[in-house]
Amino acid sequence: MLKLLEVLAQTLAEGNDCLLATVIASSGSTPRSAGAYMLVGSQGRIYGTIGGGNLEYQAILKGQQQLAQRKNFLFEYVLTAERVANLGMICGGSCKVLFCYLEAGSEAVRQSVAQAVAAAKRQKPYWLLLPFAAGPLAVADRLEMQGKSGQVVIDGQTYYAEQFAYDGRVYIFGGGHLAQEVVPLLTHLDFTCVVIDDREEFSRPELFPGAAEVLQLDFKRLTEQLSLQQNDYAAVMTRGHLHDADVERFLLHTAAGYIGVVGSRRKAQLTRATLLSEGYSEQQLDRIITPVGLDIGSETPAEIAVSIAAQLIQVRAARYGKE
């Protein structure tokens with residue numbers, strides 16, 4: 001969500017009005033569930049997605065047509081068998097899309113967007129409030145309502161409200177060929193990546209376009225320079241089991257919610273044996289997923305990157321209670 005907010009802030013700063021299209025409810029087999037966001041401007045889609053395909057195309061056209069009206073509106077797409085066929089899609093159901101008008105000249109809109117960006121960068125939770133009737137979007141630090149999203153009435157105004165919290169960063173230990181395949185893919189999937197290597201030639205920012213940070217750190221001294229939280233992910237892909245052991249020692253003393261290690265089963269066994277001999281328990285080591293990634297028969301670095309990305313998507317979805 002941070003990237004969308006940053007794109008929105010830039011769009012407004014350039015003096016361009018736009019619409020924020022949000023799926024606020026869905027049923028059946030629609031492409032995206034509630035909470036999917038897309039920015040639409042006079043030239044079409046700016047950023048984000050509400051599912052792709054012809055339904056999204058129709059929503060983009062609808063947004064372009066209504067942008068000149070300078071108001072918020074709700075539109076329901078009912079995907080019956082006949083309409084699904086007409087849209088060239090294979091899934092049915094229905095979804096409601098709220099289009100929120102964002103005026104570049106509105107100080108209230110710009111301040112709300114800046115507030116949301118600041119909260120996201122500070123890793124603080126915030127609520128995004130999108131009005132159904134006339135009025136700008138708003139941001140709140142706290143909101144009394146059940147669940148993480150839904151409709152709420154504040155001072156007589158009905159909003160679609162959704163809470164956003166720190167989604168965690170993906171800390172990638174090792175900057176070799178696999179990391180260079182993984183980072184662009186994860187970035188495209190809205191993961192925030194930090195790459196760490198102890199070698200200068202593998203910790204150059206130009207190797208990892210899209211990474212939030214690229215750091216050259218001694219793997220034996222990570223405790224002095226890094227701190228991982230429960231929502232963070234760690235993917236270990238160093239050049240050998242000795243370096244893996246250094247990183248795993250560090251990670252086992254953090255709250256990282258996901259620890260995955262790349263490598264053969266033999267490499268994993270060597271590292272595990274080393275750590276067991278040092279007094280780490282089986283229960284502690286069971287936090288580590290190795291080999292990392294979903295088993296899809298991957299062999300090349302690009303294929304392994306896909307398997308890792310798929311597993312991180314799975315873990316992230318589980319955190320948000322999605323099937």
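Trainee: In this predicted model, are phenylalanine 173 and phenylalanine 250 buried or exposed?

Mentor: Both phenylalanine 173 and phenylalanine 250 are buried, where buried means under 20% relative accessible area, exposed means over 50% and partly exposed covers what lies in between, with a 1.4 Å probe and protein chains only. Because the model is predicted, local features need pLDDT of at least 70 and side-chain atom pairs count only at pLDDT 80 or more, while totals for chains, interfaces and linings use all residues. Residues are numbered from 1 along each chain as its sequence is written, and side-chain values use heavy atoms, with hydrogens and water left out.

Trainee: How should I read an aromatic pair, and how many aromatic pairs are there?

Mentor: A pair of aromatic rings is described by the distance of the centres and the angle of the planes. Rings of Phe, Tyr and Trp (its six-membered ring) pair if their centres lie within 6.5 Å, and planes under 30 degrees apart count as stacked, over 60 as edge-to-face and the rest as tilted. By this rule the structure has 7 aromatic pairs. In one of them, tyrosine 126 and phenylalanine 164 are stacked, at 5.5 Å centre to centre and with 25° between the planes. This pair links distant parts of the chain, since tyrosine 126 belongs to strand β6 (residues 126-131) and phenylalanine 164 to strand β9 (residues 157-164), 38 residues apart; helices (H or I, at least four residues) and strands (E, at least two) are DSSP runs, numbered from the N terminus. Tyrosine 126 and phenylalanine 164 are buried.

Trainee: What arrangement do phenylalanine 173 and phenylalanine 250 form?

Mentor: Phenylalanine 173 and phenylalanine 250 form an edge-to-face pair, with 6.4 Å centre to centre and 65° between the planes. Here too the pair links distant parts of the chain, with phenylalanine 173 in strand β10 (residues 169-173) and phenylalanine 250 in helix α6 (residues 241-251), 77 residues apart.

Trainee: Which residues do ring pairs link into a cluster?

Mentor: The cluster consists of Tyr37, Tyr126 and Phe164, linked by ring pairs.

Trainee: Which ring does the charged end of arginine 316 sit over?

Mentor: A charge sits over a ring if NZ of Lys or CZ of Arg is within 6 Å of the ring centre and within 35 degrees of the ring normal. The charged end of arginine 316 sits over the ring of phenylalanine 191, 3.9 Å from its centre, and arginine 319 lies over the face of tyrosine 233, at 4.2 Å from the ring centre.

Trainee: How many salt bridges does a search of the whole structure find?

Mentor: Side chains of opposite charge can pair when their charged atoms come close. With a salt bridge taken as a side-chain nitrogen of Lys or Arg within 4 Å of a carboxyl oxygen of Asp or Glu, the search finds 14 salt bridges. Among them is the one between arginine 70 and aspartate 17 (3.5 Å, N to O). Arginine 70 lies in the loop between α2 (53-67) and β4 (73-79) and aspartate 17 in the loop between α1 (2-13) and β1 (18-27), so the bridge ties together parts that are 53 residues apart in sequence. Arginine 70 counts as partly exposed because its relative accessibility is 46%, and aspartate 17 is partly exposed at 24%.

Trainee: Where do arginine 110 and glutamate 107 lie?

Mentor: Arginine 110 and glutamate 107 both lie in helix α4 (residues 107-121), 3 residues apart, about one turn of the helix, and in their salt bridge the closest N and O atoms are 2.4 Å apart.
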